[in-house]
Amino acid sequence: MTRIADLLAAGRTFSFEFGPPRTDDAARRLDKTLVELEPLKPSFVSVTYGAGGSTRETTREIVEHIHRDTTMTPMPHLTCVGHTHQQVVDIVTGYRDAGLENLLALGGDPLVDAPDAPSDFRYATELIELARGVGDFSIGVAAFPELHPKSTDRAVDRQHLATKLRAADFGITQFFFRAEPYFRMLDELADLGVDTPVIPGVFAFVNIEVARRFSATNGATIPSHIDERMSAVDGKPSEVRKLAVELATDLIQELLDGGAPGIHLYTLNFSTATREIYANLGLTPSGLV
Ligand SMILES: Cc1cc2nc3c(=O)[nH]c(=O)nc-3n(C[C@H](O)[C@H](O)[C@H](O)COP(=O)(O)OP(=O)(O)OC[C@H]3O[C@@H](n4cnc5c(N)ncnc54)[C@H](O)[C@@H]3O)c2cc1C
């Protein structure tokens, strides 16, 4: 069973996110990480797409490598930004023909190397519609517990999210540091009649400056007591990882206790923190029980 909707229907999922490497060194690190995390038997792994346009082809290569050469189930991310209709048809058809069954449909952020590139698509919902016409994919979408960073109106944001989740099979959230906004988002969606499973994304950061930058970009609030602890370990890599693992373990436990349908770990292509979190939670290599 490799369709994510089926996996979620059968029980909790535990999944990892990777990004396409930009250098040979980074590619070697990702290869090593894939080898080290495969024994944990994640329910699926996802590969991000194109914040910098030059890595877009790499996403397809990594996804196909994982599909062909490992036991893991890969899910490519795909964004609207900077694509013609025909390009997206070609990409999605290629994934279907390679035997992939899952897709994360995203609006996307402007391309780093072509910020004004025109696109035939505007919203993730348009990608879902196209992909449904090409193949029988299990389709996920992004959700933002603390609202999409560009949203100015909570009710409108939730309406758009509800519409998107009705068309999709599951959601995965942006990372966050407190469980409350995630559970509040689920309540707001339930009030709109939406019960599509939304998997919380948890960030195993490895560098404080990067953690703060990503949090600011993605609209994730760092509570002051966590910010103080981040400052205290800044520049000390092993202490940073220890803090990230402790925070992620506690947050995941709270999310699971509250009934989250799974956990999606943002790995930043590192394996150690993920393995430590897995061990802390007492998970066995078949995922969550
Ligand atoms: C799990 C996850 C994975 C991600 N992976 C990637 C990645 O691989 N590559 C990448 O570049 N980015 C990625 N992102 C970031 C994401 O692409 C950006 O945050 C982007 O700005 C929004 O994407 P979306 O899919 O939520 O867009 P959409 O759902 O299209 O929404 C974008 C904005 O438009 C609004 N909106 C939606 N529908 C309508 C409508 N009909 N009318 C008016 N407004 C509307 C929404 O409220 C929102 O403010 C990811 C985010 C998450 C949470």
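The model is predicted, with local features requiring pLDDT of at least 70 and side-chain atom pairs pLDDT 80 or more, whereas totals for chains, interfaces and linings use all residues. Residues are numbered from 1 along each chain as its sequence is written.

The ligand is surrounded by 24 residues, a residue being near a molecule if its C-beta atom, placed from the backbone, lies within 6 Å of it. The closest are T48, H77, G107, Y123 and A142. Two or more residues of this shell come from each of β3 (74-79), β5 (138-143), α6 (154-167) and β6 (170-175); helices (H or I, at least four residues) and strands (E, at least two) are DSSP runs, numbered from the N terminus.

Helix α9 (residues 224-233) packs against helix α10 (residues 237-257) at an angle of about 155°, and their axes are 9 Å apart. Axes are lines fitted to C-alpha atoms, for helices over the stretch in contact, and angles run from 0 to 180 degrees between N-to-C directions. The angle makes α9 roughly antiparallel to α10, a term used for angles over 145 degrees. In this contact (C-beta atoms, placed from the backbone, within 7 Å), I226, R229, M230 and V233 of α9 meet E239, V240, L243 and L247 of α10.

Among the 10 residues of α9, the count of buried residues is zero, where buried means that 20 or more other C-beta atoms, placed from the backbone, lie within 10 Å of the residue's own. G235, which follows α9, has a positive phi near 85°.

How values were computed: Angles under 35 degrees count as roughly parallel, over 145 as roughly antiparallel, 65 to 115 as roughly perpendicular and the rest as oblique. Two residues are in contact if their C-beta atoms, placed from the backbone, lie within 7 Å. A residue is buried if 20 or more other C-beta atoms lie within 10 Å of its own, exposed if 12 or fewer, and partly exposed in between; C-beta atoms are placed from the backbone.
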